[in-house]
Amino acid sequence: MGWLNSATAILALRTLIFDGPQDKYAFNKRVIGDIDGVNTSFKTFENRRITDFTSPSAPLGVYVSGALVTATSDDLGDANTGAFTISPAPDPTLRAVVTATYYYHLFVDSELDTFLQNASTWLGFNSTYINIPDGLNSAALRFAAQEAYEAAAMRYSTRMAQVYKLEDAPSEDILKSIAAFKDMAESFLAKAESMRNDFYTRQGQSLAPNFSFALGRVRDPVPRR
């Protein structure tokens with residue numbers, strides 16, 4: 001399996017971790033923000049949202065007490081925060097509830113590019129990952145995937161600490177997601193190491209890059225990031 005360019009490799013990684021444009025879906029999910037009759041700014045928990053709330057199309061969009069509304073502004077893009085604005089402010093005396101349905105990514109392309117560069121370095125090559133030998137591409141993808149899931153666990157943990165007040169109970173689903181990300185990171189790392197070892201075992205140890213070879217495990221040439 002060869003990569004013609006970085007875009008091809010990034011797409012392969014995005015496919016492996018199920019992070020395509022319609023792979024991650026939040027349905028009727030509560031959003032973050034005070035409902036006090038004054039506040040009009042809210043944000044989704046997933047800050048890599050790709051659904052534009054300024055042009056909603058049911059079922060996608062923002063809902064106030066079940067009614068679809070159009071956001072007056074929306075923060076989308078590589079450096080997004082998931083924040084959006086609606087008007088008028090939801091009325092707490094009516095027990096208004098703000099929810100949203102949307103698609104999101106875990107990662108933008110620049111992040112996936114970094115994970116692939118780290119994978120190439122881990123394999124003993126330079127960071128230009130499109131030059132990785134064909135037989136090691138699968139190992140590189142899985143190492144990049146473990147980096148991705150480690151980053152996702154850290155981001156969700158950090159975001160949860162930022163957006164939940166001390167008296168709030170964190171969502172059980174979010175806690176489960178963090179645990180699942182950590183488990184997947186460990187699984188992908190084990191698979192990457194197994195594929196790398198198997199490749200050099202079949203090719204002959206003399207063809208391996210400069211790292212120590214031992215049965216069952218290879219010592220990384222650089223610290224994991």
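Reader: Before we get into details, what percentage of the 225 residues of the protein chain count as buried?

Author: This is a predicted model, and in it 41% of the 225 residues of the protein chain count as buried.

Reader: And how many helices and strands are there?

Author: The protein chain has 4 helices and 9 strands, and along the sequence they follow the pattern α-β-β-β-β-β-β-β-α-α-α-β-β.

Reader: Among contacts between residues at least 6 apart in sequence, what share joins residues at least 24 apart?

Author: For the protein chain that share is 71%.

Reader: Let's look at α1, then. Which of its residues are buried?

Author: In α1 the buried residues are A9, I10, L13 and R14. Viewed down the axis of α1, these residues fall within an arc of 135°, so they line one face of the helix.

Reader: What is exposed on the other side of α1?

Author: The other side of α1 has A7, L11 and T15 as exposed residues.

Reader: At what angle do the axes of α1 and α2 cross?

Author: The axes of helix α1, residues 6-16, and helix α2, residues 109-122, cross at roughly 95° and come within 10 Å, which makes α1 roughly perpendicular to α2.

Reader: Which residues meet there?

Author: From α1 the residues are S6, A9, I10, L13 and R14, and they meet D109, L112, D113 and L116 in α2. Sorted by class, this contact of α1 with α2 has 5 nonpolar, 1 polar and 3 charged residues.

Reader: Changing topic to charges: how many salt bridges does a search of the whole structure find?

Author: The search finds 8 salt bridges.

Reader: With which residue does R14 meet in a salt bridge, and at what N to O distance?

Author: The side chain of R14 meets that of D19 in a salt bridge, at 3.0 Å from N to O, and R14 and D19 are both buried.

Reader: What about D74, which residue does it form a salt bridge with?

Author: D74 pairs with R49 in a salt bridge whose closest N and O atoms are 2.8 Å apart. D74 lies in strand β5, residues 73-74, while R49 lies in the loop between β2 (41-43) and β3 (61-64), so the pair ties together parts that are 25 residues apart in sequence.

Reader: Is R49 buried or exposed?

Author: R49 counts as buried, because its relative accessibility is 1%, whereas D74, with a relative accessible area of 22%, is partly exposed.

Reader: And where do D198 and R202 lie?

Author: Both lie in helix α4, residues 172-203, and they are 4 residues apart, about one turn of the helix. D198 is partly exposed, with a relative accessible area of 38%, and R202 is exposed, at 54%.

Reader: Now the backbone. Which residues does the cis peptide bond with omega of about 10° join?

Author: That cis bond joins A58 and P59, and P59 lies in the loop between β2 and β3. R49 is placed in the loop between β2 and β3 as well.

Reader: What is omega near for the cis peptide bond from S87 to P88?

Author: Omega is near 0° for that bond from S87 to P88, and P88 is found in the loop between β6 (83-85) and β7 (98-103).

Reader: What is the phi of F18, and where is its place?

Author: F18 has a positive phi of about 50° although it is not a glycine, and its place is in the loop between α1 and β1 (25-30). With a relative accessibility of 56%, F18 counts as exposed.

Reader: And N28, where does that one sit?

Author: N28 is placed in strand β1, and its phi is near 50°, a positive value in a residue other than glycine. At 44% relative accessibility, N28 counts as partly exposed.

Notes. Residues are numbered from 1 along each chain as its sequence is written. This is a predicted model: local features need pLDDT of at least 70, side-chain atom pairs count only at pLDDT 80 or more; totals for chains, interfaces and linings use all residues. Side-chain values use heavy atoms; hydrogens and water are left out. Axes are lines fitted to C-alpha atoms, for helices over the stretch in contact, and angles run from 0 to 180 degrees between N-to-C directions. Helices (H or I, at least four residues) and strands (E, at least two) are DSSP runs, numbered from the N terminus. Angles under 35 degrees count as roughly parallel, over 145 as roughly antiparallel, 65 to 115 as roughly perpendicular and the rest as oblique. Contact means heavy atoms within 4.5 Å. Ala, Val, Leu, Ile, Met, Phe, Trp, Tyr, Cys and Pro count as nonpolar, Asp, Glu, Lys and Arg as charged, and the others, Gly among them, as polar. A salt bridge is a side-chain nitrogen of Lys or Arg within 4 Å of a carboxyl oxygen of Asp or Glu. Buried means under 20% relative accessible area, exposed over 50%, partly exposed in between (1.4 Å probe, protein chains only). The arc is that of the directions from the helix axis to the C-beta atoms.
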